[in-house]
Structure formats: structure tokens, C-alpha cells
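Trainee: I have not looked at this structure before. Could we go through it by question and answer?

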Amino acid sequence: MLGLDPVGLLLLLVCTALSLLAAAGVKGTFARYAQVRSRNGVTGAQVAAAILRAHNIGDVSIEPVAGHLTDHYDPSTKTLRLSDSVYHSDSVAAVGVAAHEVGHAIQHAERYAPLQFRSAWVPIAGIGSNVGLTLVVLGLIISAGSHSTPVLAWIGLVLFAATTVFTLVTLPVEFDASRRALVTLGQSRVLTEDELAGARKVLTAAALTYVAAAATSLMYLAYWLMRILDAQRRD
Ligand SMILES: [Zn+2]
């Protein structure tokens, strides 16, 4: 009774396809513009340092991190970690990604509200992603045919909704970091017009992975809400 119904199966396929497409998109676009060296010749790490200086941010350190597309800003230690293909590279892709990560450091320094909300929400979303769907499924099994409101399933759904909120608030944070990056790179003439277009493609592809994650979370939330309401109607 709790096996995957046709709607659930379709949802699983659509969401898997969405996230695979988005991941392939960012990998492909990054690989393409990692081959294009910027005329300025500055590396990702150098660009990051220069933008931080220009914003009078002196307490953020920049260090290399292992892996591919593992670049991130860690607000808890104020550290900008750039992967090898960004830190040491002067490609259009590297410069774009480095500037995007600095965008997060600037958001942090400016107490940008969506970033602050997102950081505060991390522990809540963490609980929801671990136990949310488990409680929904467990709650539906327990209450099946018992003529009672599936309370446990509802609690699970609320917890799962917390992870959906997290994926949604991630969107303005990511879009804003990319917007800041492209404005800074354009104004400072670190990249030329056509190089800037390449960097924009890389950052847009990266943003689409977050859009796919948010869409997936929203669709699952709607799906399990329907399943719970359906179970209540049958009782
Ligand atoms: Zn980001």
C-alpha cells in the first residue's frame, strides 16, 4: 500500500532526470570555460583576494580545497575554499566561480538577510532531511485503516517542509552571489565583455542545480501532502 504508485514513480523519474541534467549542465559548462584563459591572466585566488580588498574585508582567508566544484564559503570560520581548478587557474570559469564565492563572503559581511536566515535554518533543515520522510511513511503505515488522523505523518511532513524552506531560501542567496560577482567583474574590468558572458553561463548553470533541488523538494512535499490527505479521506 505504500509502494510507489504511478504518480510517485513518475515524480521519482522526473526529479532524478532534473538533478542529473542540472549536474551535467554545470560540469559541461565549467569544463568548457575552464579551457578559456582570461586575457587578464589573474587566478581565481588572486581575483578573490582583490575583490575582498576592494570591499575592505580583511578577516576572510582564502585556501585551496581538494575536489572538483567543491568551492564554498564557510561563514563559521570566515574561510573561502577554492578547488584546484579555481584557485590556481586563470580561466574564465575559475574567475567566475571565485568571484561568486566572494559574493557569499560579502553577503556575510553585510549581514545579507537571506544568508543569515539560511545559516540559522541549517540545524532545523538537518533534522527534517533525516527524519522527515521516515516519519511520514511510518505515520501512514501505522495509521492505515485505524480511522485516526495520521499525526506522526503530519509531524514528518512539517519537518520535511523545513528542508523545502531551506532549498527555497538558498535560491536568493545563490542568485545574489552570482549577481554581485558579475557586477564586480564587469566594473573592475577583470573580465572583458565576452569573457563575462562565459562566466555568466557557468554561474547560471550552477544556479540551475539549486533550482532543481528546490523544485524536487517542493514536488515531494506536494506529493506526500496528497498521500496524507488521501489516507485521511479513506479512513
Ligand atoms: Zn554559492
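Predicted model: local features only at pLDDT ≥ 70, side-chain atom pairs only at ≥ 80, totals over all residues.

Trainee: Which residue takes a positive phi in the hairpin of β2 and β3?
Mentor: The hairpin has four residues between the strands. The positive phi there is near 50 degrees, and the residue that takes it is Lys78.

Trainee: In what sense do β1 and β3 pair?
Mentor: Ser61 stands opposite Thr79 in β3. β1 and β3 pair over five bridges, and the sense is parallel.

Trainee: How many residues of β3 are buried?
Mentor: In a regular strand, side chains alternate between the two faces of the sheet. In β3, Thr79, Arg81 and Ser83 lie on one side, Leu80 and Leu82 on the other, and both faces are covered. The strand is largely enclosed by the rest of the structure, because the buried residues number five of the five.

Trainee: Why are the buried residues of α2 on the same side of the helix?
Mentor: In helix α2 (residues 44–54), the buried residues are Gly44, Ala45, Val47, Ala48, Ile51 and Leu52. They are on the same side of α2 because the arc they cover around the axis is only 165 degrees.

Trainee: Which exposed residues does the face of α2 turned away from its buried side carry?
Mentor: The buried residues of α2 pack against β1 (61–65), β3 (79–83), α3 (84–87), α4 (92–109) and α6 (151–187). The face turned away from that buried side carries the exposed residues Arg53 and Ala54.

Trainee: How many residues apart are His104 and Glu174?
Mentor: His104 is in helix α4 and Glu174 is in helix α6. The pair links distant parts of the chain, with a separation of 70 residues.

Trainee: Is Glu174 buried or exposed?
Mentor: Buried means under 20% relative accessible area. His104 has 8% relative accessibility and therefore counts as buried. Glu174 has 6%, so this residue also counts as buried.

Note on methods. Residues numbered from 1 in each chain as written. Heavy atoms only, no water. Buried < 20%, exposed > 50% of the residue type's maximum accessible area, 1.4 Å probe, protein only. Helix = DSSP H or I, 4+ residues; strand = E, 2+ residues; numbered from the N terminus. Arc of directions from axis to C-beta. Contact = heavy atoms within 4.5 Å. Pairing = 2+ DSSP bridges.
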